[in-house]
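Me: I have a structure open and would like to go through it step by step. Could you help me read it?

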Amino acid sequence: MAITEARRFVTALLATWPGTEDAELIVSELATNAVRHSASGRFGGCFTVAVQADRDRIWLGILDQGGRRTPHPLPPQADEEGGRGLALVAALAASWGVTGDDQGRIVWATLNLTPEKTAVR
């Protein structure tokens, strides 16, 4: 449920912005990882969605409650259902990264908006 709400939040917030679909997908993947791979997925856990939209860039972040491993993209596995989230984020985003530690971290991504797309707004 929280992942669905994160997607709805980003879609509503960025409704008139170019790149909304990519932003929604990125937040969905980052939120899913927070629930699956951090303390945010435990009973009573939570994560926070942060968005900063500028004229030529959208910054998206998920603050989770930390985990034992640092998030990193996995190589594609033909027979695996999961494991592609960060690879997808890396493909869509201009940049992405992780700050924090096992007590809490932010996994973030940026989308660059081209001049042609920002003129539509």
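Me: Which backbone oxygen does the side chain of Ser38 reach?
Reply: The side chain of Ser38 reaches the backbone oxygen of Ala34, at 2.5 Å. Please keep in mind that this is a predicted model.

Me: Where does Ser38 lie?
Reply: Ser38 is in the loop between α2 (20-37) and β1 (48-54).

Me: Is Ser38 buried or exposed?
Reply: Ser38 counts as buried, because its relative accessibility is 10% and the cut-off for buried is under 20%.

Me: What is Ser38 in contact with, leaving aside its neighbours within four places in sequence?
Reply: Ser38 is then in contact with Asn33, Asp64, Gln65, Gly66, Gly67 and Arg105.

Me: Arg105 is on that list. Which strand does Arg105 lie in?
Reply: Arg105 lies in strand β4, which covers residues 104-112.

Me: And is Arg105 buried or exposed?
Reply: Arg105 counts as buried, at 5% relative accessibility.

Me: Which backbone oxygen lies 2.8 Å from a polar atom of the Arg105 side chain?
Reply: That is the backbone oxygen of Arg69.

Me: Let us change topic. How many helices and strands are there in the chain?
Reply: The chain has four helices and four strands. Along the sequence they follow the pattern α-α-β-β-α-β-β-α.

Me: Now the helices. At what angle do α2 and α3 pack?
Reply: Helix α2 packs with helix α3 (residues 85-92) at an angle of about 150°, and their axes are 9 Å apart. The two helices are therefore roughly antiparallel to each other, since the cut-off for that description is an angle over 145 degrees.

Me: Is the crossing of α2 and α3 left-handed or right-handed?
Reply: α2 passes α3 in a left-handed crossing.

Me: Which residues meet there?
Reply: From α2, the residues are Asp22, Leu25, Ile26, Glu29, Leu30 and Asn33; they meet Gly85, Leu86, Leu88, Val89 and Leu92 in α3. Asn33 is also among the residues in contact with Ser38.

Me: What about α1 and α2: at what angle do their axes cross?
Reply: The axes of helix α1 (residues 2-13) and α2 cross at roughly 155° and come within 9 Å. That makes α1 roughly antiparallel to α2. The crossing of these two helices is right-handed.

Me: Which residues make the contact between α1 and α2?
Reply: On the α1 side they are Ile3, Ala6, Arg7, Val10 and Thr11. On the α2 side they are Thr20, Ala23, Glu24, Val27, Ser28, Ala31, Thr32 and Val35.

Me: Let me pick Ser28. What does Ser28 touch, not counting residues up to four places away in sequence?
Reply: Ser28, which has its place in helix α2, touches Ile3 and Arg7. With Arg7 there is a polar contact between the two side chains, at 3.3 Å.

Me: Is Ser28 buried or exposed?
Reply: Ser28 is buried, with a relative accessible area of 9%. Ser28 and Glu5 are 23 residues apart in sequence, and their C-alpha atoms are 9.4 Å apart in space.

Me: Finally, the whole chain. What percentage of the 121 residues is buried?
Reply: Buried residues make up 34% of the 121 residues. The accessible surface of the chain comes to about 7500 Å², and 52% of that surface belongs to carbon and sulfur atoms.

Notes: Residues numbered from 1 in each chain as written. Predicted model: local features only at pLDDT ≥ 70, side-chain atom pairs only at ≥ 80, totals over all residues. Heavy atoms only, no water. Buried < 20%, exposed > 50% of the residue type's maximum accessible area, 1.4 Å probe, protein only. Areas by Shrake-Rupley, 256 points an atom, 1.4 Å probe, with all protein chains shown as cover. Polar contact = N/O pair within 3.5 Å; in protein donor to acceptor, adjacent residues only side chain to side chain. Contact = heavy atoms within 4.5 Å. Axes fitted to C-alpha atoms, helices over the stretch in contact; angles between N-to-C directions. Parallel < 35°, antiparallel > 145°, perpendicular 65-115°, else oblique. Left-handed = near helix turned anticlockwise from the far one by under 90°.
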